[in-house]
Amino acid sequence: KRYLVEISLNGGSELQIGNESEMLVTGLEWLSDKSGLIANAIDRHTKQSQIYHVSYPDGLFRRITNDLDHYQGVSLSADGRRLVTMKQAINRQIWSHAKGKVSRLTVGDQLHIDSVDWIGDDSIAFSEDVNGTRNNYNIWRMRADGTEKQQLTFGGGYNVDLTASPDERYIAFISRRSGRDQVWRVGVDGTGLVQLTNVDHNVTGPMFSPDSRKVYFLGWVDSALRLFQVPVDGGEATPVLNDDIYQNWAPSPEGKRIAYLTFDRDRQRRRVSEFSLETRQKERVLDIIPETCLRWAADGRALFFTSASDGVLNVWRSELDGQKPEPVTAFADERIFRFAVSPRSGHLAVVRESITYDAIMLTPGRR
């Protein structure tokens, strides 16, 4: 829960404005007569960033904008009669990258794709927001050429962060259907929806073990993300790795190692560690920093990761023998938000993202 507070510039105690709220306020301006505030805030349920009027001193939120756009920042004129903000537009599309040949697989504008993974080498699973609110993601699949698109989950629940099992039977994902972010599973044909975890905190980052018998996931412990596992049919969640993980991680193809981004306290920087599940020791530390995604090569000898070192955000490959990382994709614009590597052919499915901003001025009675 969050709440707004007022603090005098001359010091003194905090004065709470209104009650606790689930609104995440990212920008705030006083009206000139101090009768209220104008806020840029994100609603927990819709995930939309909109402009609100906040009454003072009761702190009640009332929407000024009421659309499917997302706004960032807020600035008021001195008389409080004009408001300037930035309207954000995100477009995410799925592309294939096979032996240097690049092709776009999804069709449309303003698409919101959250995650992507291969079902074998022939099909691709992905989560897409179907109405532009960024709160209605569901799981879909399609052929590797973008045809035969099929919806697998329906209704609400914010179904995101998916991963497909190596045996090509299941898709695990994060859903809010039970009230908080938990791991769920569905068959690749859309049948057999099952909740796998039921812990007292939100979880993220599910990945199947190579034998498809369990699902790893990240859960919060003392304000840090730690690695856990749960049987593929559900059951008790048990810890796997007692080290802080910075979102990006992946199990090796043979199931004996974990690669994950963590903070190297000796060098005071983030780096990727390779952890052995057999010896329970760190085997290697790599001087790479995945920006949005980390995956193993099928032979277990290298890691693929996203890097903005070229000024964009492409996929790179880093051999575990210490060779200098080499770029795999060569996109000149946009950024790669997520990617997946097919298990046998090594082809890539990538989610490319473009973000544009427009300055918007709002005045009373019109937009």
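How many helices and strands are there in the protein chain? There are zero helices and 31 strands, where helices (H or I, at least four residues) and strands (E, at least two) are DSSP runs numbered from the N terminus.

This is a predicted model, in which local features need pLDDT of at least 70 and side-chain atom pairs count only at pLDDT 80 or more, while totals for chains, interfaces and linings use all residues. Residues are numbered from 1 along each chain as its sequence is written, and side-chain values use heavy atoms, with hydrogens and water left out.

**View 1. The protein chain as a whole.** The C-alpha atoms fill a box of roughly 65 × 45 × 45 Å, taken along the principal axes.

View 2. Asn138 is found in strand β12, which covers residues 137-143, and Asn138 counts as buried because its relative accessibility is 2%. Its side chain makes polar contacts with the side chain of Thr153 at 2.7 Å and with the side chain of Asn159 at 3.0 Å. A polar contact is a pair of N or O atoms within 3.5 Å; within protein, one must be able to donate a hydrogen and the other to accept it, and residues adjacent in sequence count only if both atoms are side-chain atoms. Leaving aside neighbours within four places in sequence, the residues in contact with Asn138 include Phe126, Glu128, Gln151, Phe154 and Arg177, contact meaning heavy atoms within 4.5 Å.

**View 3. Thr106 in the loop between β9 and β10.** Thr106 is found in the loop that lies between β9 (101-104) and β10 (112-119), and Thr106 counts as buried because its relative accessibility is 7%. The side chains of Thr106 and Gln93 are joined by a polar contact of 2.5 Å, and a polar atom of the Thr106 side chain lies 3.0 Å from the backbone nitrogen of Ile94. Not counting residues up to four places away in sequence, Thr106 touches Gln93, Ile94, Leu111 and Met142.

Definitions and conventions: Buried means under 20% relative accessible area, exposed over 50%, partly exposed in between (1.4 Å probe, protein chains only).
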